[in-house]
Amino acid sequence: MTDKPRIGLYVCHCGINISATVDVDAVAKYAQNLPNVHVARTYSYMCSEPGQALIKKDIREQGLNRVIVASCSPRMHEKTFRKAVQEEGLNPYFLEIANIREQCSWVHEDMTEGTAKAKKLVASAVAKVRLLEPLESTEVDAEPAALIIGAGIAGIQAALDIADAGFKVYLVEKSPSIGGRMAQLDKTFPTLDCSACILTPKMVDCASHPNIELLTYAKVEEVDGFVGNFTIKVRKKARYVDVDKCTGCGECAKACRLANRITSEFDEGMGKRSAIYMPFPQAVPAKYTIDPENCLMLTRGKCGKGPKCEEACQAGAINFEQQDEIVEFKVGAIIVATGFDTFDASRKPEYGYSNYPNVITGMEMERLVSSSGPTGGDIKVFNGEEEIVPKEIAFIKCVGSRDASVGNEYCSRVCCMYTAKQAHLLREKIPDAKIRVYYIDVRAFGKGYEEFYDRVRRENVRYIRGNPSEIFKRGKKLVVKVEDTLTATPLEDEVDMVVLAVGLEPRADMREVMDLLRLSQSGDKFFMEAHPKLRPVDTATDGVFLAGCCQGPKDIPDTVAQAKGAAASAMVPLASGKVTINAQVATVNEATCRGCGYCVSVCPYSAIELVTVNRFGHELEVARVNEALCKGCGSCSSVCLSDSIQPKSFRDRQILPQIAALGGTR
Amino acid sequence: MSEDFEPNIVAFLCNWCSYAGADLAGTSRIHYPANIKVIRVMCSGRVNPLYVMNALQQGADGVLVSGCHPGDCHYMEGNYYARRRLGIFKDLLEFVGVDPRRFHMSWVSASEGHKWKEVVEKTVEDVRAAGPFEGFRRRQIDW
């Protein structure tokens, strides 16, 4: 290879995606006259096999040593073309992409403007590619273990898959038991499988799996490092119960002075628990936990003449002196499966959720209808005066979904079907009930969903198209004020109970996870995937993957599928045992570095240190970069007084020519 | 200043947020003026004030720097450095007689295609109002 750049430039038509607004032939013709451009061609789809073959052939036959592809965003196909040029023996970093699709043809309408801009972008790429340097990627070992944050069905499924493949899994869950939202559900649509019956075996598998370490009632506090080599710090909160001694017998909870006086989170506030509790009977681990916010001993330092739980515990497991424990370990990949919050129905005051006890949410309905729920599965509600078995029931859909007034424009994807399921369950329990469902649209898109919806309608559940404007009280009844928009009839339907099909929202505390892992949010505020179509489980942070509703609302089958996808992706570095370190790291010209240390102070990764070197008998300090820690952001370079520290591929002498090419004559 | 003056604007976008946001604007076919030409850098913290200076010297009428929202930097704090450094630099530009409308900074996340359009439109409008930039003598550099 000669040192003199011989550039091959390829302008992609992308069907008509680019060529409709950019005259690709004119761009290629223009590029032909740019310095060092040896060949400039156009092709319909550069990313296709023949498109890549075109580049390879030219490298071979024309002795090209630099390649520019003017096509879609480098975020799309930079890797594809790097691989292609590498296969022909060229250094993969001798490639530059000119983004003439996402940032040119797709955003401009005028052919003249589009073509002129594309020419500039191509000239800028030519200016840069001439000055690029060959880079060598280095490989380091990957830790054959994974961290999974959140142990709902997504985290559980991913943990089981990775553990079954033979890798160590740390499954971290903030609440005392794994199981998540699915454990709260009664039946699952459309098969009416009992939720607990299909979930609990998986929970037990997690607990007994030799490769899975459960860290329940715990929180990830620190994440350091990079793909393949993350160091994790987890805080295991004090349960005030020695889990090695606790047998889960439950005598403590029965004895507790606050028994049946504390609102149960698991029962969505409808049931009661003790200050020492197990969230639900099938909890994993089947161990008790003392709630430090309510326990008399922990809040006041005194519990009658002595804590009753301690007295009742035959195993001697109660320990009020227990402290939080910090656990540290290393993993190669991380899966985020932190789930969702349900929409807070009090944000739609017109539905009276805060005022009327017989207006409940879908999640509360799950607990009410469940045989393990607060009423043992009997449908009973308090209408403000007395407890009744509701005979007229209204379901309102899209509460907190598809509603710009509360900031949620998205569809929550589960409410249509859980409403249909709950209507069916109510029909079974109260055969003579009058059940009405008020909807905007019915979205029964999944396998078996339309059939199930059809079945429920035939079970004499009335679907009324209309978005209720108000719910108010009239005598003992609640009135649903709505317009049936199919018949243009204003209605005031009197009912005994209203179920609000609340939507799914991002976790209120997701910010903590975002900061921990450098994740971003998409427009709907859920975690953002690396690409909405092609990298749906990846994130912008290498080695961090998403599963389940933390990425967007999903039903159980989609959650499980995504969890399996995330598990497979996370296992790529674990199975290969190697990860490639970013080659575009900062480098120091020690001959000009003065050792001022400004770069050291701004580096967010502590990747730079000052070292003493001996120069002609003089000891002096210069900056040195730890390439394994450097992420290539280039902040160091902006503070360097002598331009000595530079990120490779984004050096001053590579960017300044780009600026000159974009400035130039107007 | 002539009505049909089309300003030439060089933009420096961080790879993770603003560049991705600009890509999203493309994928969503959100149209905006073609005056903006983008140089991708890994982080807004990489943008040396001299780049802004250099762009103005090399024939740009305006410069835009856009990064992740404060607090959301992919590299944790690069955009904070950019905000400080370029904020001061903007004052300096004004001090030496450069119309401050020529230099813009913004925060555009990877999901804000619409915001990117608004930022571009505002920048183009401001630079157009400021007129062609002839303040610095251009030096032609052969790289």
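Met76(B) counts as partly exposed because it has 19 C-beta neighbours inside 10 Å, where a residue is called buried if 20 or more other C-beta atoms lie within 10 Å of its own, exposed if 12 or fewer, and partly exposed in between, with C-beta atoms placed from the backbone. This is a predicted model, in which local features need pLDDT of at least 70 and side-chain atom pairs count only at pLDDT 80 or more, while totals for chains, interfaces and linings use all residues. Residues are numbered from 1 along each chain as its sequence is written, and chains are lettered from A, and ligands numbered from 1, in the order in which they are written.

Met76(B) lies in the loop between strand 3 (62-67) and helix 3 (78-95) of chain B; helices (H or I, at least four residues) and strands (E, at least two) are DSSP runs numbered from the N terminus. Arg29(B), in the loop between helix 1 (18-27) and strand 2 (36-41) of chain B, counts as exposed because it has 11 C-beta neighbours inside 10 Å. The table gives the phi angles of these two residues, each of them positive in a residue other than glycine.

| Residue | Phi |
|---|---|
| Arg29(B) | near 55° |
| Met76(B) | near 75° |

Chain A contains 18 helices and 36 strands, and its C-alpha trace spans about 90 × 70 × 40 Å along the principal axes. Of the 666 residues of chain A, 50% count as buried. Ala70(A), Ala146(A) and Leu171(A) touch the most other members of the largest nonpolar core, which has 254 residues; such a core is a set of buried Ala, Val, Leu, Ile, Met, Phe, Trp, Tyr and Cys residues joined through C-beta atoms within 7 Å.

Two cis peptide bonds in chain A involve proline. The bond from Phe189(A) to Pro190(A) is cis, with omega near -10°, and Pro190(A) is found in the loop between strand 8 (187-188) and strand 9 (193-194). The bond from Val284(A) to Pro285(A) is likewise cis, with omega near 0°, and Pro285(A) is found in the loop between strand 15 (276-277) and strand 16 (289-290).

The contact between the chains takes 46 residues from chain A and 43 residues from chain B, two residues being in contact if their C-beta atoms, placed from the backbone, lie within 7 Å. Helix 18 of chain A gives the most to the side of chain A that touches chain B, with 8 residues.
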